Amino acid sequence: MDFSKSFRAEQSNHYISTMRPLFNRRALFSDLTEDFVSPMEPNKFAQVTIKFRTEKDNVDSVYLCTDSDKLLMAKSLTNDLFDYYEIEVQLEDTPFTYYFEIHAGKITCFYDRRGVALELKPHFMMRIIPGYKTPDWAKGAVMYQLYVDRFYNGDPANDVLSGEYEYVGGRVTQITDWHKYPATTGAAGVREFYGGDLQGVLDKLDYLEDLGIDVIYFNPLFVSPSNHKYDIQDYDSIDPHFGKIVYDEGELLPEGEKENRFASRYINRVTNKANLDASNLLFAKVVEEAHKRGMKVILDGVFNHCGSFNKWLDRERIYELASGYEKGAYIDANSPYRNYFDFKGSNNWPYNGTYDGWWGFDTLPKLNYEGSQELFHYIMNVAAKWMSPPYNADGWRLDVAADLGHSPQYNHNFWKEFRKTVKRANPDAIILAEHYGCAAEWLNGDEWDTVMNYDAFMEPITWFLTGMQKHSDDYREDLFGNADFFWDAMRNHMAIFSMPSLLVSMNELSNHDHSRFLTRTNKKVGRTNNLGPEAANEGINKAIMREAVVMQMTWPGAPTIYYGDEAGLCGFTDPDNRRAYPWGREDHVMIAFHREMIRIHKENKEFLTGSLKPLEGNNNLLAYARFNLNDVSVIIINNNNYEAGKEVTVWHLGVPRQAIMKRLILTDEAGFNLESIDYHVMSGKVTVVMPAFSAAIFRYQQEEKPEKGRAKKVFYAGERQN
C-alpha cells in the first residue's frame, strides 16, 4: 500500500508537501526479520545488532528510541540504492521495545511496525523478547490438517459399527457411502463415522509428500466417542477405531438399550490393553514413516476439558467393571480421580452428575487443575509422553487454550509449566494454540510458540476476497475488496506477534470449525441445515480460491491446508466442513496448482523468513512484497471482475531502477500459468496488466555486491546514554 494514502488521513497536506522533498518515505524500512535484527532470536543477556534502511544520502540522522533513551545510529553500510544505519544493543532478560526517529533538515518522523508515523502508539513498537525461540523447521513450514475419520479408510476392520454404542442422544452410525454429505445437524453429525484411520494416513503419505507437505497436524487421535474426538476418553491411548483392533469381541448395544455399560463390543475395543497398545504402536509407525519423508507431526491436545466417557469420570460406566481400571469419579466418592473434577453436590454418590461442565455441557467435563496436583502431573506426563520415544511427535496444537483453569493466573502458570515439560521432552517441538482475539499475553516466549492465525490471516483475507464471515454467517459489502480495512487489520493484529512467533503462525483458509474457503466464494449466507449441502457447491469461484492460496503461500507464517481444500472440497461450517476427502472425484487442476504454489513457497527463502512490505491497496486490488537483502518477490492480486493495469514502484525493495523481473506464476479464471515471462523495470517501476480474478508473483534476484563501510554504536539496555 502506498503510505501516502494513509498519511492523508492522518496528516495535513501542508506537512506532506513540506516533507516530500526531504524524506523518501518509500525507502525507510526496518522490521524484526534477520536482515534487520541479528540474531533474530537472541538469548537473554545477548548482544543484538539492529539496522535501519534509508535511501542513499537522503536523511541526516537516524535514532533508535526507547521509553528512556534516544540513541544515535551509525551509518554502517551503503550500496547503490540505500544507506543502512545500525546499533548494537546489550539485552537483558526482559522484552526490549523500540522505535526509530529519522531527521532530514528540519523535518522529523517516526518509524514503528506500521511504517512511517507521525504519532507513536505503544501497540506498534518494535519488540525483541530475549530467549524467545521457535523451531526453525516450523518457520514457513507447509502444514496439512487431517481430520482422520474423513481422510482415507485404510483398515475397514477397525470401523465404528452402526449401533456399537449410544452417543449424545442417538446410536452411532457407520457410513458406507464415502461420498455421502455429513448430517445437517451437529448432534447427528458427530455420530457418523466414515472409517478414516491411521492406516489410511500411512497409505496416503506418498500423496502428501508429493504435494510438498512439511507437517501433518492431526485433529485429536486419542480414545473418544465422537468422530471429532474433542471429548477425550483416554489420554494415554490412540483410539483403536483409528488404530488397530487386535481382539474384537462382544456385542453391539442391544436394540432399545441406551446405557453404554451394555455395549460390550465397544467396551472391549476401547479398554482392552492389547488394542490400545497396538494402536499406540501404529501411531509410532506413522510418525516414523512421516519423519522418513521429512515431515513433522503435530498432535491436538484437549486439556481444558475431557469427555463424559473419560475413564477418570466414567459417566457411561464403561470402565466400571473393566479389568485394570480404577473406579471413575462419577461412580465412586473414593475414586482416585474425584478431585480431577469440580463436583457441586458432595453426597450424591454413587453416580454423581453434579460436576462442572465446560460452558455447561455435561458431555464435556471441565478439568479441575486447581483442585488436583495429581491431575496436573498426569497431564504433564501426557504432554511429555507423546513427544518422547517411541512416539516422537513434534508438537502440540492446544484446543481452547485460553479457557484452561479457573483463573487467568492459573492459566498462565499452567502453560509456563507445560512449555518447560514439552521442551524438555523435545527441545525442537512446537506449541501452538487455538485462540480468537489478542493472544499477546501468552506470546512472551515462556508459554505458547504461536497461534492459529485467525485475526492476522484467515479473517482479513476472507473479508477482502469474499466479503464473507468465516462461518458463512454474514456478508459485508463494506469489507469486500476494502484494501484499507485489510491493511489496517493486518497491521493491528500482526503487531501482537514477535517475529519468531509470526513466522510459525498457522495460516489457514479453512478448518474443521469454519466453512470451506471455496464455499465462501459463493457469498451464500447460511449453513447446511437451512440451505442444504448442495448450496455449498453452487456459484463458487475457483479463481478467487487460487488468489487466496497465492496469498497463503506468500504471507508470513506457516501455510496450513485443511485436508481436501487442495482437491476442491466445499462445505458450510460444522458439520458440513468435515466432508470426506473426494478420492476419485478430485479436482486435479486444483491439486496441481497447490503443488506448484507449495514448490514456489519452499524454493524462495523470502517467503519463509523474509520481510513484508505493503505496496498498493485499491478497491479489490492488493500488491505487497516479500524480500530479503538478495531476493525480492512482488505479489499482485486483482479480485475485480475486469482486467486492471497497474504500475508498481519496486526500487525501494532493492530492485535496480532498470532491471528485469520474472513472473513465476499467473492465476486467473482459466487456471494457472507457469510460463516465465520477463517484465522490464523502468525508472524503478514495473507495469503489469492483471486479468480478472487473478494473482501473480514477480521475482527479482539480486547479485550480491560488497557493501562499503562498517561502524557500530553499542547501547546497553537499561543504561542511559547522552
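Predicted model: local features only at pLDDT ≥ 70, side-chain atom pairs only at ≥ 80, totals over all residues.
Residues are numbered from 1 along each chain as its sequence is written, and side-chain values use heavy atoms, with hydrogens and water left out.

The description begins with the sheet. Helices (H or I, at least four residues) and strands (E, at least two) are DSSP runs, numbered from the N terminus. Two strands are taken to pair if DSSP finds at least two bridges between them. On this basis, 8 strands form an open sheet with parallel pairing, in the order S22-S21-S20-S19-S16-S11-S24-S23. Its edges are strand S22 (450-451) and strand S23 (506-508); each has a single partner strand, so one side of each is left without a neighbour in the sheet. Within the sheet, strand S20 (residues 395-398) and strand S21 (residues 430-433) run parallel and are joined by 4 bridges. Gly395 stands opposite Ile430 in S21.

Helix H9 (residues 408-425) lies across S20 and S21 and runs at about 150° to S21. Axes here are lines fitted to C-alpha atoms, for helices over the stretch in contact, and angles run from 0 to 180 degrees between N-to-C directions. Contact means heavy atoms within 4.5 Å.

H9 also packs with another helix. Two packed helices are described by the angle between their axes and the distance between the axes. For helix H8 (residues 373-385) and H9, the axes come within 9 Å and cross at roughly 40°. This crossing of H8 and H9 is right-handed; a crossing is so named if the near helix is turned clockwise from the far one by less than a right angle, and left-handed if anticlockwise. On the H8 side, Phe376, Ile379, Met380, Ala383 and Ala384 meet a set of H9 residues that includes Tyr410, Phe414, Phe418 and Val422. The contact of H8 with H9 comprises 10 nonpolar, 1 polar and 1 charged residues. In this classification Ala, Val, Leu, Ile, Met, Phe, Trp, Tyr, Cys and Pro count as nonpolar, Asp, Glu, Lys and Arg as charged, and the others, Gly among them, as polar.

Another helix pair is formed by H10 (residues 454-466) and H15 (residues 542-554), which pack at an angle of about 145° with their axes 11 Å apart. H10 passes H15 in a right-handed crossing. From H10 the contact draws on Phe457, Ile461, Leu465 and Thr466, and from H15 on Ile544, Glu547, Ala548, Met551 and Gln552. By class these are 6 nonpolar, 2 polar and 1 charged residues.

On a 1 Å grid over the protein atoms alone, a cavity is a set of points where a 1.4 Å probe fits but cannot get out, and a pocket is an open set with protein on both sides within 12 Å along at least five of seven lines; lining residues have an atom within 4 Å of a point. Grid points are joined across faces, edges and corners, and a volume is the space filled by probe spheres set on the points.

The lining of the largest pocket divides into 13 nonpolar, 9 polar and 8 charged residues.

There are 5 cavities of 30 Å³ or more. The largest cavity holds about 390 Å³, and the closest to its centre among its 25 lining residues are Asp31, Arg113, Met494, Leu612 and Pro614. Its lining has 14 nonpolar, 5 polar and 6 charged residues. The second largest cavity has a volume of about 80 Å³, and its lining includes Leu32, Val37, Met40, Arg127 and Tyr132. That lining has 8 nonpolar, 1 polar and 1 charged residues.

Finally, the backbone. Most residues other than glycine have a negative phi, and most peptide bonds are trans. The bond from Ser38 to Pro39, however, is cis, with omega near -5°. Pro39 is placed in the loop between strand S1 (37-38) and strand S2 (47-55). Phe45 is found in the loop between S1 and S2 and has a positive phi of about 65° although it is not a glycine. A cis peptide bond also joins Pro389 and Pro390, with omega about 5°; Pro390 lies in the loop between H8 and S20.
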